[in-house]
Amino acid sequence: MADIVLHTDVLSPYGWAARLVAAEKGVSWRLKPVNVALPAHWKLHPFGKMPVLEHHGVVVYETLAIVHYIDRAFPGPALQPSGALAQAEMLQWISIVNGYMFPVMNGLLKERTSAMWRAEGPDEEVLASFEGPLELQVQYIDRAVAERDFLVDGEISLADSFLLPHLHFVSATPEGAQALERAPAAQAWLERMRERPSFAATTPFGG
């Protein structure tokens, strides 16, 4: 029997982040696909979003709260630093991923994927609008991991699990691949994360 149930879509980057944290902790999970339009899901999340965690009658929603719960409720390696400054840096990274990187990386990915179903192809102006912000963000990541293996204090933390799905997905676009070519340290971080057992155990594409 799984330790937790995660209500999410397999391709959701935030559902993936929750699975990554569970895998790093050694927590087993069962993924329950959701239809966010159904009233049953709105009973779990008051705004109809995903993921949602269930654990022995406990319901937790919002990804940061979910991964914090997984890290604190189960044994295994700590994924949050103990020092005040490092803790603040971790939360800063998560805020940056959620507030700045997700809209750019997900927006670019959506334009590329939706264009596959349009006869006229991608909107080049929309794609171009993402290039500058994406370059800025990838270079920011590159500087952060130029001299350490992970985003915070040289140790893996919740922040790495938040960033990985977004950077992995956007790396499949021409714009993402080109930005990473100019950011060797960010590319190396991405490869390190892909080599972890948690990636193989959780990737939507089977490793």
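This is a predicted model: local features need pLDDT of at least 70, side-chain atom pairs count only at pLDDT 80 or more; totals for chains, interfaces and linings use all residues.
Me: What is the volume of the largest pocket, and how many residues line the pocket?
Reply: The volume is about 740 Å³, and 26 residues form the lining, with Ser 12, Pro 13, Tyr 14, Phe 102 and Asn 106 nearest the centre. A pocket is an open set of points on a 1 Å grid over the protein atoms alone where a 1.4 Å probe fits, with protein on both sides within 12 Å along at least five of seven lines, and a lining residue has an atom within 4 Å of a point. Points are joined across faces, edges and corners, and the volume is the space filled by probe spheres set on them.

Me: Which elements give two or more residues to that lining?
Reply: They are helix 1 (13-25), helix 3 (63-73), helix 4 (84-114) and helix 6 (158-170). Helix 4 gives the most, with 7 residues. Helices (H or I, at least four residues) and strands (E, at least two) are DSSP runs numbered from the N terminus.

Me: Why is the aromatic pair of Tyr 14 and Phe 162 called edge-to-face?
Reply: The ring centres of Tyr 14 and Phe 162 are 6.2 Å apart, with 65° between the planes. Rings of Phe, Tyr and Trp (its six-membered ring) pair if their centres lie within 6.5 Å, and planes under 30 degrees apart are stacked, over 60 edge-to-face and the rest tilted, so this pair is edge-to-face. Tyr 14 is in helix 1 and Phe 162 in helix 6, so the pair ties together parts 148 residues apart in sequence. Ring pairs also link Tyr 14, Phe 102 and Phe 162 into a cluster.

Me: What makes the pair of Trp 16 and Phe 199 tilted?
Reply: With 45° between the planes, and 5.8 Å centre to centre, Trp 16 and Phe 199 form a tilted pair.

Me: Why does Ser 157 count as buried?
Reply: Buried means under 20% relative accessible area, exposed over 50%, and partly exposed in between (1.4 Å probe, protein chains only). Ser 157 has 2% relative accessibility, so Ser 157 is buried. Ser 157 sits in the loop between helix 5 and helix 6. Leaving aside neighbours within four places in sequence, Ser 157 is in contact (heavy atoms within 4.5 Å) with Leu 79, Pro 81, Met 90 and Val 152.

Me: How do you know whether Asp 153 is buried or exposed?
Reply: Asp 153 is at 54% relative accessibility and therefore counts as exposed. Asp 153 also lies in the loop between helix 5 and helix 6, and its phi is near 60°, a positive value in a residue other than glycine.

Me: Why does Glu 62 count as partly exposed?
Reply: Relative accessibility is 44% for Glu 62, so the residue is partly exposed. Glu 62 is in the loop between strand 4 (58-61) and helix 3. Phi of Glu 62 is near 80°, which is positive although the residue is not glycine.

Me: Where is the cis peptide bond from Met 50 to Pro 51?
Reply: Pro 51 lies in the loop between helix 2 (39-44) and strand 3 (52-55). Omega of the bond from Met 50 to Pro 51 is near 5°. Most peptide bonds are trans.

Me: Which residues have the most contacts inside the largest nonpolar core?
Reply: Ile 70, Ile 141, Leu 167 and Trp 189 have the most contacts in this core of 55 residues. Helix 4 gives the most to this core, with 11 residues. A nonpolar core is a set of buried Ala, Val, Leu, Ile, Met, Phe, Trp, Tyr and Cys residues joined through side-chain atoms within 4.5 Å. Apart from neighbours within four places in sequence, Ile 141 is in contact with Trp 93, Met 101, Met 105, Leu 163, Leu 167 and Ala 186.

Terms used: Residues are numbered from 1 along each chain as its sequence is written. Side-chain values use heavy atoms; hydrogens and water are left out.
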